[in-house]
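Please have the structure open as you read.

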Amino acid sequence: MRPQLPSELIRQVIREATRLPAVFDTDLHSVLNESRAAIYGDIYSSYALKRALSLVSKQFHSITDEFLYEIVVIRSYLHLWPLLQQLQRVEDNTSRGWYVRRLDIDLGSENHSHDGWSWGKNTLWGFLPVCLNLEILVCSLVVPYHYIPDRSSVPIIESSYFDAPKALLQSIATTPGPRLRRLELLGQMAVAADEAEALVQRLPKLEVCRFAGLREPIPPLDVVTELELSKDLYDWDSLADLQPAFYRAVSTYKTFSWPPTSAPTALHTLDCG
């Protein structure tokens, strides 16, 4: 039987081999000049290296989980449920979701856009209660250009199509809130000004906060008119239809109330769109 290396030594080797300082950087210059495409490229390259390291031996494999899941990027609505199931798995009394330090939800390039928002928006489809150790949360939701019936009269980029309800902000403050250093709600997400202020005042470690805009969420009129022409179309949700177990799982998550105020002491960037 070959002797095993100390677990801490293996952990340090994996840590140094897969370190991505830019991904967790909250420096003002780094945040303002961050290229999402470049960051995602680095993350995807690190995934490949981590998978390779997990195959070195059983000992490496048992330790690599915490590095495989420290950064989660979701760019398809159909990937939400499989990933949530993976993060809910518990091994050695620790869920994989606990390892997630950065969560990027970047959706809006497929026909399922906006499906599931009515039942998933309070907890970001169940990811907030699962990822309690988050340091960075970046969520960008948009409606694809081809999804709008009348493109000529709808200001796509400025439309507040995704209402970020108070329940979502309370979930952020209550679940990953105590550890969150960077929060970005971008794309077409709308946050009420008073609720945004209440949220920021409850994120003690927050350094960077960016909102797409502070305003009352008003859906594009042409989309509402188009959908209301048929009640069946308005009520149908293809994501819930394709993945009913996902819908049932997310619907069971409780809602949260505001935690006590704990204002950030290191906040250096607040961008309200």
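Where is Arg15 found? Arg15 is found in helix 1, where helices (H or I, at least four residues) and strands (E, at least two) are DSSP runs numbered from the N terminus. This is a predicted model, in which local features need pLDDT of at least 70 and side-chain atom pairs count only at pLDDT 80 or more, while totals for chains, interfaces and linings use all residues. Residues are numbered from 1 along each chain as its sequence is written, and side-chain values use heavy atoms, with hydrogens and water left out.

**The overall picture**

The protein has 13 helices and ten strands. Of its 273 residues, 48% are buried; here buried means under 20% relative accessible area, exposed over 50%, and partly exposed in between, with a 1.4 Å probe and protein chains only. Contact means heavy atoms within 4.5 Å. Among contacts between residues at least 6 apart in sequence, 82% join residues at least 24 apart.

**Helix 1 against helix 4**

Two packed helices are described by the angle between their axes and the distance between the axes. Helix 1 (residues 7–17) packs with helix 4 (residues 58–68) at an angle of about 50°, and their axes are 10 Å apart. That angle makes helix 1 oblique to helix 4. Angles under 35 degrees count as roughly parallel, over 145 as roughly antiparallel, 65 to 115 as roughly perpendicular and the rest as oblique. The axes are lines fitted to C-alpha atoms, for helices over the stretch in contact, and angles run from 0 to 180 degrees between N-to-C directions. The two helices cross in a right-handed way, that is, with the near helix turned clockwise from the far one by less than a right angle.

Helix 1 brings Ser7, Ile10, Arg11, Ile14 and Arg15 to the contact, and helix 4 brings Gln59, Phe60, Ile63, Thr64, Glu66 and Phe67. These residues divide into five nonpolar, three polar and three charged.

**Salt bridges**

The structure holds 20 salt bridges, each a side-chain nitrogen of Lys or Arg within 4 Å of a carboxyl oxygen of Asp or Glu. Three of them can be set side by side:

| Pair | N to O distance |
|---|---|
| Arg11 and Glu8 | 2.7 Å |
| Glu135 and Arg181 | 3.1 Å |
| Arg181 and Glu207 | 3.8 Å |

Arg11 and Glu8 are three residues apart in helix 1, which means that about one helical turn separates them. Arg11 is partly exposed at 23% relative accessible area, whereas Glu8 is exposed at 54%.

Glu135 lies in the loop between helix 7 (127–130) and strand 5 (136–141), and Arg181 in the loop between helix 8 (166–174) and strand 7 (182–187), so the pair ties together parts that are 46 residues apart in sequence. Glu135 counts as buried at 17% relative accessibility, and Arg181 counts as buried at 17%.

The other partner of Arg181 is Glu207. Glu207 lies in the loop between helix 9 (193–200) and strand 9 (208–211), so this pair ties together parts that are 26 residues apart in sequence. Both Arg181 and Glu207 are buried.

**Back to Arg15**

Leaving aside residues up to four places away in sequence, Arg15 touches Phe67, Glu70 and Arg101.

How values were computed. Nonpolar A, V, L, I, M, F, W, Y, C, P; charged D, E, K, R; others polar.
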